[in-house]
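Open the model in your viewer and keep the selection tool at hand.

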Amino acid sequence: MGFDCASKKEMQQILQLGVSPKRIIFASPRKTEDHITYTHEQGIDKIVIDSEDELRELAKIVPSATVFLRLRADNPTSRVRLSEKFGLDVPEARVMLQVAVDLSVKVTVYEYNETLPSKHPISIIDIGGGFTETNFRLVAPAVRSAVDMYLGGETSIQWVAELGRFIVSEAFYLVCRVLGTRKHLIGYVDGPNKNHYITAMWSYLGRPYGLSDREDDTYTIWGQTCCGADKIMSDCRLRCEMQAGDLLCFPSMGAYTDVTASGFNGLLRAQGQSGHSQFEDTRS
């Protein structure tokens, strides 16, 4: 198992656990000079980029690094289109690879394309993340099929998949207390602050337990902050009328939740407790 880190802080945390620098890849395509210098000092030699500016910066600070190009793989059906922010098109990658040759920088190409310069043989391909309990069994055979189709079952390539969400998503629940309701079936909960629900903005938020098919019990759930964007969920059907003091339990809250908490409006972050779930999963 390796570790995909996005910053100096994350690399420090992993190194403090005794992990070898060889098992770490600095995967953020945008990084500051001090973070790049830190990777060099710690012997972390795998770095991801997607711009010529950063390639030239690496050539100056860490000329011995193994550089990975992040290629743009657009999926218009994805909930979060990171391709709008990161990644090179193949024509851009060709230019980058020639620049790398000129700078004597070693580049490992992420994506197979027979038109790319042969001076940079493929050794590692990272297929990214986004895996969940729901889609993993569908994605795995599709990946195997694609390897056979496009790479002829090539066995010398090292494959990387980012399984962070898959590992931690189901490990946590978030339990909130209903502070009160208003007409039009609006409920307010004491979620520590809206940023615990950033996952809801990406449509990953699990529906709370106790769902109903009765349209009469459809609620809009809001957090307690003063922020107008603090809507947690719309069209949430519950088995019974929501009342002050009730508890709502949101499943699958282990990813992109507590880590994004900011203490907005001075509200405290949620306090975690370990133990076995005592909530009955009534979802269909």
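Predicted model: local features only at pLDDT ≥ 70, side-chain atom pairs only at ≥ 80, totals over all residues.

Select Lys22 and Asp45: their side chains meet in a salt bridge, 3.2 Å from N to O. A salt bridge here is a side-chain nitrogen of Lys or Arg within 4 Å of a carboxyl oxygen of Asp or Glu. Lys22 sits in the loop between α1 (8-16) and β2 (24-26), and Asp45 in the loop between α2 (33-42) and β3 (46-49), so the pair ties together parts 23 residues apart in sequence. Helices (H or I, at least four residues) and strands (E, at least two) are DSSP runs, numbered from the N terminus. Asp45 is partly exposed, at 21% relative accessible area. The cut-offs are under 20% for buried, over 50% for exposed and partly exposed in between, with a 1.4 Å probe and protein chains only.

Residues are numbered from 1 along each chain as its sequence is written, and side-chain values use heavy atoms, with hydrogens and water left out.

Next, select Glu57 and Lys60. Their side chains form a salt bridge at 3.9 Å, N to O. Both lie in helix α3 (residues 52-61), three residues apart, about one turn of the helix. Lys60 is exposed, at 64% relative accessibility.

Move to Asp89 and Arg72, a salt bridge with its closest N and O atoms 3.8 Å apart. Both residues are in the loop between β4 (66-69) and α4 (90-103), 17 residues apart. Asp89 is partly exposed at 34%, and Arg72 is partly exposed at 35%. The whole structure holds seven salt bridges.

Now the rings. How many aromatic pairs does a search of the whole structure find? Two. Rings of Phe, Tyr and Trp (its six-membered ring) pair if their centres lie within 6.5 Å; planes under 30 degrees apart are stacked, over 60 edge-to-face, the rest tilted. Select Phe131 and Phe136: edge-to-face, 5.8 Å centre to centre, 70 degrees between the planes. Phe131 is buried at 6%; Phe136 is partly exposed at 29%. Ring pairs link Phe131, Phe136 and Phe166 into a cluster.
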